Amino acid sequence: DTIYNNIKSAIKENKKLLAVLIDPDKVKVENLGKFTQKINQSIATHIFVGGSTVEENETENVVVELKKHTKLPIILFPGDVIQITDKADGILFLSLISGRNPDYLIVKHVEAVPKLFKSGLEVIPTGYILIENGKETSVECVSKTKPIANDNIETIINTAKAGEYLGQKLIYLEAGSGATHPVNGNIISEVKKRLGVPLIVGGGIRTKEALDLAYNSGADLVVIGTAFEEDERFFEDIKSPLSAKADI
Ligand code: 1GP
């Protein structure tokens, strides 16, 4: 459980973690070398690879290329079973607990087992909670599930806690890639107060202020994809002691 234990020890030392999300659909493999150098020089501690609509083999090609350029842990954040590759280090074994579609709660997980069994991937059970953000995101479309309204704080808290009681080792509050509004600070802090496992927050974070707000509200690990895809200078914007790099 190296990845998970490192996350837990970083949190114990009050370090904040940052995952750069790479969607194999949105990158060219030949550009990844340069992009990964930027990641290496930044405060990022993890690389997540995944997306909602990725074709077979694309994920593996991306992971293999990333591995040539970085020592950061590469963790699959899969939208589907075909995105599983044993070339990564770990996988967020996501259960979409905000939704009521059995496919994303258990069906695809059963299908994934033969692949996971053969792989050396560290499997990290993760309760994935989609929160309304102002527009329909691809998670909502693909999974055919409704996000939880962002003023329904009670349900968000209870869903996160139910995930923890079910044994999920991480809880991920997701506004959706490219979200208009990231998960708000109040939701993050209310969930964090009651949660005994590390909290991941992502979706729509595009400024240093939004990143710091997420951290200060209680996010242990923040995931950012779109902002880096759109402008690599964002790596520079977030250089600061407030979100100091953890040694992982
Ligand atoms: C999406 O939470 C991640 O699943 C990251 O979202 O692309 O908006 O940064 P962005």
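Predicted model: local features only at pLDDT ≥ 70, side-chain atom pairs only at ≥ 80, totals over all residues.

Visitor: Which elements give two or more residues to the shell around the ligand?
Guide: One of the closest residues is Thr226, and Thr226 sits in helix H9, residues 226-230. The elements that supply two or more shell residues are strand E8 (221-224) and H9.

Visitor: How many charged residues does the shell around the ligand have?
Guide: Sorted by class, the shell has 6 nonpolar and 7 polar residues. That goes with a charged count of 1.

Visitor: Is Ser177 buried or exposed?
Guide: UniProt, in an unreviewed entry, lists Ser177 under "binding site", along with residues including Gly203, Gly225 and Thr226. Ser177 is in the loop between strand E6 (170-174) and helix H7 (185-194). A residue needs 20 or more other C-beta atoms within 10 Å to count as buried. Ser177 has 22, so Ser177 is buried.

Visitor: Which residues is Thr226 in contact with, leaving aside neighbours within four places in sequence?
Guide: Thr226 has 19 C-beta neighbours inside 10 Å, so Thr226 counts as partly exposed. Seen from Ser177, the contacts include Thr226, as well as Thr137 and Ser138. Seen from Thr226, the contacts are Ser177, Gly178 and Arg206.

Visitor: What is the largest C-alpha distance for the "binding site" annotation that covers Asp23 and Ser52?
Guide: This annotation also comes from an unreviewed UniProt entry, and covers Asp23 and Ser52. They are spread over 30 residues of sequence, yet they cluster in space, with a largest C-alpha distance of 8.5 Å.

Visitor: And Asp23: buried or exposed?
Guide: Asp23 is in the loop between strand E1 (17-22) and helix H2 (32-40). Beyond four places in sequence, its contacts are Gly50, Gly51 and Gly225, and Gly225 is among the residues closest to the ligand. Asp23 has 23 C-beta neighbours inside 10 Å, so Asp23 counts as buried.

Visitor: Where does Ser52 lie?
Guide: With 19 other C-beta atoms within 10 Å, Ser52 is partly exposed. Leaving out neighbours within four places in sequence, Ser52 touches Gly79, Ser138, Val139 and Val142. Its place is the loop between strand E2 (46-49) and helix H3 (58-69).

Notes:
Residues numbered from 1 in each chain as written. UniProt positions renumbered as here; feature names shortened; annotations may be inferred. Helix = DSSP H or I, 4+ residues; strand = E, 2+ residues; numbered from the N terminus. Buried ≥ 20, exposed ≤ 12 C-beta atoms within 10 Å, placed from the backbone. Contact = placed C-beta atoms within 7 Å. Near = placed C-beta within 6 Å. Nonpolar A, V, L, I, M, F, W, Y, C, P; charged D, E, K, R; others polar.
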